Amino acid sequence: MLKYSIRRLLGMIPMLILISIVVFSLAKLMPGDSLSGEIDPLNTDPQYIAEMREKLGYNDPLPVQYVNWISGFVQGEFGKSTRFQIPVFDLIMEKIPNTLLLGITALIITYIMAFLMGMYSGRRPYTLGDNAIAGFNYIMLAIPSFVAAVFAIYIFAFQLNWFPFAGSVDILAQEGSLEYYLSRMHHVLLPAIVLGAMSTASYTQFLRNDIIENSRKDFVRTARAKGTPMKKIYNVHILRNSIIPLVTFLGFDFAALIGGAIITETIFTYPGIGQLFLESVTSRDYPTLMALTMLLSFLTLFGNLLADILYGVVDPRIRLD
Amino acid sequence: MASSTTIAQQKKPERSLSPWQIARRKFVRNKLAMISSCFIVLVTLMSLSAPFLAPVLSPLPDISKVNIGAMNIEPNSEHLLGTDKSGRDVLTRLFYGGRISLLVGFSATLMVIVLGTLVGALAGFFGGMIDSILMRFTDFVLNFPFLVFVIVLNTILYGIVDGLWVLIMVIGALSWGGVARLVRSKVLAEKENEYILAALSIGCSPFKVITKHLLPNVVSTIIVQGTLIFATMIVIESALSYLGFGVPQATPSWGNMLSSANEPDVLQGKPWIWMPPAIIITLTILSINFIGEGLKDALNPKSLR
C-alpha cells in the first residue's frame, strides 16, 4: 500500500513537469508578458524599460527562462501579480479560504442530500418514492450547473429574497463578530447548494444500488434470522458496508469541484480561486494565471490519485501493487 | 410429395430481424426517447430554417442590427418573446443561436468520436508499445484540468483563427480521452474472439480487420457514447460562452444570450431575455440524454424491452 502510494506520487512528477512546460509555453504564446508587474509603472523611459527587461531576464533564451521560472516556482516564488502589484502567493492565500469554505459546504450538502435520498431509495426500491427520487436526480444531472445557478439566483435571491446574490460577506459586518461568520455562511449557502447538487445524483444512485445489492447478502439473512429489527439492519449493518465505496468518490469530486467552482464563483461573483482565475485570464495577469493553472492541475492530479488510493484502502480485494 | 411442397410453401420461413431492425423497434416503443427525438428534430429544423422563419415571425429579422427604438420590450403580439437590451428580437436570436450551439456541439462531438475511436482502436488492436505510448498520452489529456486549459487556449488562439472553429477544435482536442479508453477496452475484449484470428490467418491487413471486423462490433457503444457527449458539448459551449470565453459575443449562441443574465438588472427585472435560452438549453440537454438512454436500451441485446 505504502509502496504503491509512493510510486504513484513519484509518477505524478513527470506529469507535473509536462504540464508546467505546457503552461509555460501557453503563457509565452499569449500576447504581452509579465514585465509590467515587476517594474515601476510610472517610469515610461524606454531605456529604463529595456534595462529592466534585460536585468529581469526577459531577453534570455526560452529554456533558461523556463528553468528560472520553475525553480522559483517550486520554492514558492510565484512572481508578482501585474494587476494588483502584490505577490501572487499572497493573492492566492487571500482567496483560498473562500474557495475552501465553498467546496467543503458543497461537499457536506452533497453528502446529506445523497444519504437521505439514497437510504430511502435503497430501502424501498421500485416504489413511487424511489422513482420520484430517480427522476429528480436525472433532471438535476441534466441541467447544466450554470443554468441552475442562474435560476437559483433569480428564484431564491431576487424573488424570495432568502439569500444575497453576490459577494462572500456583508461589507458592514465586523470581522471576528458572530454576525460576520453568520453572514459568510449565509453568502456561501446558495452557491454551495448549486455546486453540491451537481454531484448528488451519482452519489444517490450509487448508494441506492449498493444498499439493494447488500440487502441480498448472507450477513443480512443471518441478522434477520437472529431477529434483528429491519431498521437496525438497514441503518447499521448494510449502511456500514455501503458507505465504504462512497469514499472513493471523494477524489473525483475534488476535480469536479475545481471545474464547478470556476463557473459557480463567477456567476455568484463569489471572490475565490475560480473567479481570480477568470479575472487573471481577462486582464492578462500572467504570473497569477500560471500559478493558478499549475495549482489547479496539481489538485486535479492529486484528486485522481486520492481516488485510486482510497479504492485500495476501502476494498482489500483490489490489489494495487 | 405434392402435400409436402404445399406445406413448405405455406410455411415460408419469415426472415428474422437484423440487429438494427430489432434496435429500431425497441427504440420506437420507448415513448420518452421518441418524444425527445421529435423535440430535437423540431429544434434542429427551426435552427436550420432561421433565415426563412425570422422575417415571418418578427418585425426585426436582422440579428446584427441594434434597434434603439425597440430596446427591452416585453413579450407582446409583435415580439413573441420580447427584445433584448440592444433591441434585437429574442425569438429570432434563439433560432440563430440554435444554429451555432448545435453546430459547435455536433462538430466537437464528431471530432471527439473520430479522435477517440482512432486512438482507442489502434491502442487496443496493436497492444504492446503502441498501446502504452497512446494510453500514457490519453492519461495526460485526461488529467488536464479541462475548463482551465480550454479557457487559456481559447484566449491564445482567439483572433488567429475564426472564433467558432477555435472553440470546436480546442474542446475536441481536450475531450477525446474518455472515448479512447472506452473503445480500447471494447476492442481488447472483442479481439480475443476467434473470428478475428480467422481474419488475420487468411491474411487480412490490420486496417481491414479494424474497420471491417472490430469497429462494426463496437459501433453501438460508440453511438451511445456519442449521443451523451453531444449533450456535454452543448453544455460546455454554452457555459464557456456564458463566461465570455466561448463563441465571440457578436455571434448569437444560446450561451451568449444567457450571458445577459450576468447583469443583475436583467436577471431580476427582464426574465424574458434570459429565460428562453436557459429553458431551451435545459430541454435540449434533457432530450439528448433521454435519446442516449433509449439508444443504450435499444442497442443492448440483453435488454428485453
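Leaving aside its neighbours within four places in sequence, with which residues is Val150(A) in contact? Select Val150(A) and display Ile267(A), Leu258(B), Ala261(B), Leu267(B), Trp274(B) and Ala278(B), its contacts; two residues are in contact if their C-beta atoms, placed from the backbone, lie within 7 Å.

This is a predicted model, in which local features need pLDDT of at least 70 and side-chain atom pairs count only at pLDDT 80 or more, while totals for chains, interfaces and linings use all residues. Residues are numbered from 1 along each chain as its sequence is written, and chains are lettered from A in the order in which they are written.

Of its 117 residues, Ala149(A), Val150(A), Val150(B) and Ile171(B) touch the most other members. Helix H11 (residues 206-243) of chain B gives the most to this core, 16 residues. A second, separate core of ten residues includes Ala114(A), Met117(A), Ile211(A) and Ile238(A).

Finally, turn to the contact between the chains, with 30 residues from chain B and 31 residues from chain A. On the side of chain B, helices H6 (128-143), H7 (146-157), H11, H13 (264-269) and H14 (271-299) each supply at least two residues.

Technical notes
A nonpolar core is a set of buried Ala, Val, Leu, Ile, Met, Phe, Trp, Tyr and Cys residues joined through C-beta atoms within 7 Å. A residue is buried if 20 or more other C-beta atoms lie within 10 Å of its own, exposed if 12 or fewer, and partly exposed in between; C-beta atoms are placed from the backbone. Helices (H or I, at least four residues) and strands (E, at least two) are DSSP runs, numbered from the N terminus.
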